[in-house]
Amino acid sequence: MAARDAARRAGPARQRPDPAGKHYEEEEEEDALPDSDALPDSDDEVDLDKPRPIQIVLAHEDDHNFELDEEALEKILLQEHIKDLNIVVVSVAGAFRKGKSFLLDFMLRYMYNRTSPCWIGGNTEPLTGFTWRGGCERETTGIQIWSEVFVIDKPNGTKVAVLLMDTQGAFDSQSTIKDCATVFALSTMTSSVQVYNLSQNIQEDDLQHLQLFTEYGRLAMEEIYQKPFQTLMFLIRDWSYPYEHAYGLEGGKKFLEKRLQVKQNQHEELQNVRKHIHSCFSNLGCFLLPHPGLKVATNPNFDGRLNDIDEDFKKELRHLVPLLLAPENLVEKEISGSKVTCRDLVEYFKAYIKIYQGEELPHPKSMLQATAEANNLAAVAGAKDLYSKGMEQVCGGDKPYIAPSDLERKHQDFRESAVKQFRSVKKMGGEEFCRRYQEQLEVEIDEIYANFVKHNDGKNIFYAARTPATLFAVMFAMYITSGLTGFLGMNSIATLCNLVLGMALISFCTWAYVKYSGEFREVGTAIDQIAEAIWEQRLSPTPEK
């Protein structure tokens, strides 16, 4: 580690403070951080001598699944000098194209130059580290970490390992809600500080998405006896109302208290969102950051030089980064109250990714899809209720027995009425989406009808006597046949008839005991089914067509 630190500081061209803590040189300079033109493939050797972003969670766009690069993660976190140190994980998550990687690169500058008052860099120094660019298309996919884990001495004398994590932006055109929830949940579960990167304000949909993503993470964590996650920092970018709440931490604290306040006159849904967020995180904070300036937003050639960034942004950035990464502010990762080492974090990553690769968890849905499902299910329930009430009037409860043909005709009438009502209800999701629920309704109505048929048959005294009548008929037929065949000398056939006669008699006695005692109901059901089959095939005067 010391050798690598010395190598980074070697040479006048490097943008590092010298041992005396002098300012950055303003002459022809190289980048302050190692270049990261391309991420290594999962099959490539992870080169730890050249720090760069390493993708540890790979996103497969074809099947919308995620894979952990265990080899890369182990090579970074199981290094001999850090594997047993408690770890601090700072992650940045949020919507895509909102400057998460851009912010992380300033965190890297701080980590490499934290002893210098001018850690933020020279005015003409391009910003390097995690890959970032301007434009409207996403840059980061999956989850990346910086390949160099920083060893920091805390004020209490203990050493901790600090890991910086970058995440795939949410809500881009290629990610499903499940993709977004999985990445956010994984980063929140494995980080000690989650920076929730938002633009301009905290809107209600931001809180609802946070509720969905954290609940998706909490589902994957077993035996939760306390708040499952640690620190959540709302970072509001491009804050435009400093006259209401000042830039920085104090203004953010007052703003967040106002946004997350639970009021008596609030709708229950709004109260539940706020209570959920408070129940998930041990510590909540908020930082208001001004807009970096028009040059940053509109110049396609912007490369992160400080002379293109507004002074207010740089001023607040000098407060924000040490707030997260200064030795006295570092938050060590804990799970279930126990501190996590680098070695432990590898195992947690493996366990969590397996859960999200499996089918144990429900798939999160978009608000439209969830609303459309609830809307259609409510219409199905209403239509089923209409059908059930109609059939109850015909053959339910203490209504007398009705002829099967009349019952089926009533069933068809009420079935058509139920389907008609379902189709008349205004529903979300489109015709094809609603057709699936109509088919579900028809299947469920047929199942209800089958129960009504059984209930109606139970009122028929002759139906109730079908099993003993059938068994008596079999015994009588076998008795007559046995006598005739015995008289004619066909002893083998007579013996077979006597055997069937004996089995029918035993079955009758068993059936009578089951009906009397209520025990061995499965045996009684089997005898009823056999008797019914014999009745339908041989004894019924009006066989079904």
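1. Leu484 counts as exposed because its relative accessibility is 52%, where exposed means over 50% relative accessible area, buried under 20% and partly exposed in between (1.4 Å probe, protein chains only). Leu484 sits in helix α15, residues 466-487; helices here are DSSP runs of H or I with at least four residues and strands are runs of E with at least two, numbered from the N terminus.

2. This is a predicted model, in which local features need pLDDT of at least 70 and side-chain atom pairs count only at pLDDT 80 or more, while totals for chains, interfaces and linings use all residues. Residues are numbered from 1 along each chain as its sequence is written, and side-chain values use heavy atoms, with hydrogens and water left out.

3. Taken as a whole, the chain has 17 helices and 11 strands, and 45% of its 545 residues count as buried. Among contacts (heavy atoms within 4.5 Å) between residues at least 6 apart in sequence, 73% join residues at least 24 apart.

4. The largest nonpolar core has 56 residues, of which Leu77, Ile87, Phe234 and Ile236 touch the most other members; such a core is a set of buried Ala, Val, Leu, Ile, Met, Phe, Trp, Tyr and Cys residues joined through side-chain atoms within 4.5 Å. Apart from that core lies another, of 40 residues, which include Val88, Val90, Leu104 and Leu306. In soluble globular proteins, nonpolar side chains tend to be buried together.

5. Ile236 deserves a separate look: leaving aside its neighbours within four places in sequence, Ile236 is in contact with Leu198, Gln200, Asn201, Ile202, Phe255, Cys286, Phe287, Leu288 and Leu289.

6. A search of the whole structure finds 13 aromatic pairs, meaning rings of Phe, Tyr and Trp (its six-membered ring) whose centres lie within 6.5 Å, with planes under 30 degrees apart counted as stacked, over 60 as edge-to-face and the rest as tilted. Tyr110 and Trp119 form an edge-to-face pair, at 5.2 Å centre to centre and 90° between the planes; Tyr110 is buried, with a relative accessible area of 6%, and Trp119 is buried, also with a relative accessible area of 6%.

7. Phe229 and Phe281 form a tilted pair, at 5.5 Å centre to centre and 40° between the planes. Since Phe229 lies in strand β8 (residues 229-237) and Phe281 in strand β9 (residues 281-288), the pair ties together parts that are 52 residues apart in sequence. Both Phe229 and Phe281 are buried.

8. Ring pairs also link Trp239, Tyr241, Tyr243 and Phe255 into a cluster.
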